[in-house]
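Reader: Before I look at any contacts, I would like to learn how to read salt bridges and strand pairing in a model such as this one.

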Amino acid sequence: MKNKAFWRMISDMPPIDWALLAAEQHGYRHTPATIKRFTATKKRNLAIKRKARAKEKPPRPPVRQRLRINSVEVLLGSMETDAWYGRTDIQHLSGLKRGTVATAILRAESLGLLTRTKNPAWERQGGAECEFLYQKTSDAGSTAEQTSECARNELEREN
């Protein structure tokens, strides 16, 4: 016997429970009680980690609320009363994104703040010109007042 220490260690161990070992191999661990214990331990460990992270990190500064700007007001503010504009021209003048410009034009048209006509220079295939041209209807008063007044009128029509 070469490794006397090994054999001494094995002789000091309790006898092997072969039934328990077989049950372990067949998945006895996934009983409802053990699953409940596992989830409780996991929740406890996550809570401990969260508390530790909260202590490590400095608190975030409060998020500043962005000023909500009505895109229709921006669009109308960038246009002159007597001029005709294509959709891309309006996009470049106002600085709004393409989708925002499209929805703002539709909204302004429905409120009666823009007029739309077919562009005579438009060609169906490969033309650089826009299909429709838009013109601001009037410059009387503030655009915010016009927008809110037109919105009220639209709501009254719907009801």
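**Salt bridges and sheet**

Author: We can begin with one residue, keeping in mind that this is a predicted model: arginine 116 has a relative accessibility of 41%, so the residue counts as partly exposed.

Reader: Which side chain does arginine 116 meet in a salt bridge?

Author: The general idea is that a side-chain nitrogen of Lys or Arg must lie within 4 Å of a carboxyl oxygen of Asp or Glu. Here the partner of arginine 116 is glutamate 109, with 3.8 Å from N to O, and glutamate 109 is itself partly exposed at a relative accessible area of 24%.

Reader: How many salt bridges does the structure hold?

Author: There are two; in the other pair, glutamate 131 meets lysine 118, and their closest N and O atoms are 2.9 Å apart. Glutamate 131 sits in the loop between strand E2 (114-118) and strand E3 (132-136), while lysine 118 belongs to strand E2, so the pair ties together parts that are 13 residues apart in sequence. Both residues are partly exposed, glutamate 131 at 30% relative accessibility and lysine 118 with a relative accessible area of 47%.

Reader: In what order do the strands form the sheet?

Author: The three strands form an open sheet in the order E1-E3-E2, with antiparallel pairing. Strand E1 (84-85) and E2 stand at the edges with a single partner strand each, so one side of each has no neighbour in the sheet.

Reader: Over how many bridges do E1 and E3 pair?

Author: Their antiparallel pairing runs over two bridges, and tyrosine 85 has tyrosine 134 in E3 as its bridge partner.

Terms used:
Residues are numbered from 1 along each chain as its sequence is written. This is a predicted model: local features need pLDDT of at least 70, side-chain atom pairs count only at pLDDT 80 or more; totals for chains, interfaces and linings use all residues. Side-chain values use heavy atoms; hydrogens and water are left out. Buried means under 20% relative accessible area, exposed over 50%, partly exposed in between (1.4 Å probe, protein chains only). Helices (H or I, at least four residues) and strands (E, at least two) are DSSP runs, numbered from the N terminus. Two strands pair if DSSP finds at least two bridges between them.
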